[in-house]
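Look at the sequence and the 3D view first, then read the points below.

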Amino acid sequence: MSKMKGSEAIIKCLQEEGVDLLFGYPGGAVIELYDELCKSSIRHILVRHEQGAVHAADGFARATGKVGVAILTSGPGATNGVTAIATAYCDSIPLVVLTGQVPRALIGNDAFQEVDIVGITRPCTKHNYLVYDPEELVPTLREAFFLAASGRPGPVLVDLPKDVIGSMLTYPAKKPVKMQTYQPNVNPHPGQVDTACRACLKAKRPVLYVGGGVILSGANEELTHLARRLNIPVTMTLMGLGGFPGTDPLSLGMLGMHGSYAANMSVAKSDLLIAVGSRFDDRVTGRLDAFAPQAKIIHIDIDPSSISKNVGVDIPIVADCKLALAAMNGWFDKSDEYKPAEVVEQHQPWIDQVKEWNDKHPLAYMEDGEVIKPQYVIETLHKLTGGDAIITTEVGQNQMWAAQFYKFNHPRRLLTSGGLGTMGYGLPAAIGAQMAFPEATVIDVAGDGSIQMNIQELATARECGAPVKIAILNNNYLGMVRQWQELFYNRHYASTVMEVTPDFVALAKAYGAVGLRASTKAEVEPVIKEALATKNVVIMDFSISREEGVFPMVPAGKATTEMLLV
Amino acid sequence: MKHTLTVLLRNRPGALSRVTGLFSGRCFNIESLCVAETYDPQVSCLTLVTKGEPAIIEQITKQLHKLIDVIKVNDVSEGEFVEREMALIRVKAEASTRAEVLRIIDIFRGKVVDVSPTTYALEITGSESKIKAVIDILKPLGIKEIVRTGKIAMVRAPKK
């Protein structure tokens, strides 16, 4: 068999895996790989910081459902990527991250730009590899893609010593990856499905509690069908938003720390909680013993370790969410016990109760003349984009307002760092999503604090022609921490006041982008309209009411029914 | 609530640190750990003693399963099993006590594996309680050094 160079084999393998776009930053250890990359048809987006490369690949992956790919060089290149790898790990996002490594002979020698990235990323990757034998290079890459995308997805890192990239090897023929030690169970157990469906028919006060697993497995249609046919209200985690239409009358919006009153009350009073692709995170459950205390719990999840981790589960179904929900729908299609009209009627008093809660305390905010309310900005973004933009967020108040007030009707429209809560995620993720969907409207909802964490990626957006829009909800504060300080630390605003904030309009211009500012409510709509009509990167700087808070709010450690309201 | 887990894992570089990293990262407890190649050189067997409530043990087992290098996890303490541990004990053995040390080690069916004018090094194998008994009884004579392997375990074969 003919031999080829490691770098050539990597490119060929990436192409076989369907990669036509990746993100990265070159350096000594990967210089040979870049030499080959620029000769290929794969498009490479040069970022300005390695964290941006991995976030962009992550944004690409969340928006498309495909595996995102990033290339980083050894040492600081690799360590700069760690936060972004951990971000993807916490939200189960499929990535393959290729890092350069010093030549094999120098490993362990404290060589220039050497770091044990496999050791560093072991707890924040689904799996990782150091390729030592050139003949293992291609099989390892194939395994990496397989692992990243299958089962509960996640980032996989492959560390490539410089001399392995440069060595000659035999390119093995493509064959399906089989791993003795990794066979995730995707098919639901029919007996468990049967038990779960019967529980749904018996329940008087059921609630669907839906997480990111529904988005990852593409189960939104099956979920919507199930919820509507059984007349069950649906609440979503931050990661689950868009898994069920946000404007549907059955939608309760988000639950948990900043969830809606109706969502948290419904879960607390429910007699059947159907958790789908969600993991009972502390931001969702609040005080554990007060979470859904009266409910029998069904939990559908592909990861057995998620089941009964925080909350005891009565009916576990370890399976892919889409297949499990399809099996439940199949059971109802065939069952004689299921009388559609009766079930709808049986659940109606509960639906009425939920509606009453919602009418009593809807998501709301106080108007204040011409002062810009951040919630109003999000509502206006929703209105002017027809609710169909791809929204990325930074982390903090901006993220929660976006989650509360932009009603997502489709999956893969909200890209946000849920588990790790990484400030600086939104802008590079928006670039990744925009590169996947050049025609889409992609908006990064940001705060004046978090946008500065990866502001350098403005240059990337300009260079690769990604006309992302950035809406900065500017209050000159690290708003979420300030809100906690206001409520629980005696208004002692320790280090949350941003005394110096750049002139974002001038900053946009400096990068060759467009900068717009709105200081009054009346200016909000014209600014957004102008931004949406501009075929360039735009920063919209909204001076919002400074001490606006995110409500409802469940104080940390409290029961989710103990909400602070507007 | 001690549990003895045996974990079969792929004999790959770093596989062991994935297991130990999991324990430290999630604040699970490790009492002892013993690892070596199995009959199949591609596979290592790790015997691990841990402590915790049933829910914690369940999480430990599930999290171990989730590691890509792990082939099989077995909580052997759920059923009948045999466990063994070996200890090497260097004990003072001066003229007045040399015979006494030999008598004790004979009772426990141990062996002398190293001799100096003033010490014996003893090898002793058995269950954790037997090792403890030997140590307790040798203590008054003057133990200078102990090296223990940690426990290894095997499920008993079904009797029918």
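Of the 197 residues in the largest nonpolar core, A:Ala57, A:Ala70, A:Leu95, A:Val96, A:Ala471 and A:Met540 touch the most other members. The model is predicted, with an ipTM of 0.92 and a pTM of 0.97.

**Nonpolar cores**
- Another core, of eleven residues, lies apart from the largest one, and B:Ala93, B:Ile105, B:Ile124 and B:Val134 are among its members.
- In soluble globular proteins, nonpolar side chains tend to be buried together.

**Chain A**
- Chain A contains 22 helices and 20 strands.
- The radius of gyration of chain A is 24 Å, which agrees with the value near 24 Å that a compact globule of 566 residues would have.
- The C-alpha trace of chain A spans about 70 × 60 × 40 Å along its principal axes.
- Buried residues make up 55% of the 566 in chain A.
- Among contacts in chain A with a separation of 6 or more, 77% join residues 24 or more positions apart.

**Chain B**
- The average pLDDT of chain B is 95, and 100% of its residues score at least 70.
- The domain assignment divides chain B into domain 1 (2–79) and domain 2 (84–151).
- The centres of domain 1 and domain 2 of chain B, taken over C-alpha atoms, are 30 Å apart.

**Where the chains meet**
- Twelve residues of chain A are in contact with 15 residues of chain B.
- On the chain A side, five of these residues are nonpolar, five are polar and two are charged.

Note on methods. Residues numbered from 1 in each chain as written. Chains lettered and ligands numbered in written order. Predicted model: local features only at pLDDT ≥ 70, side-chain atom pairs only at ≥ 80, totals over all residues. pLDDT = per-residue confidence, 0-100. Contact = placed C-beta atoms within 7 Å. Nonpolar A, V, L, I, M, F, W, Y, C, P; charged D, E, K, R; others polar. Domains from an automatic or database assignment. Core = buried A, V, L, I, M, F, W, Y, C linked by C-beta atoms within 7 Å. Buried ≥ 20, exposed ≤ 12 C-beta atoms within 10 Å, placed from the backbone. Helix = DSSP H or I, 4+ residues; strand = E, 2+ residues; numbered from the N terminus. Rg over C-alpha atoms; globule rule 2.2 N^0.38 Å.
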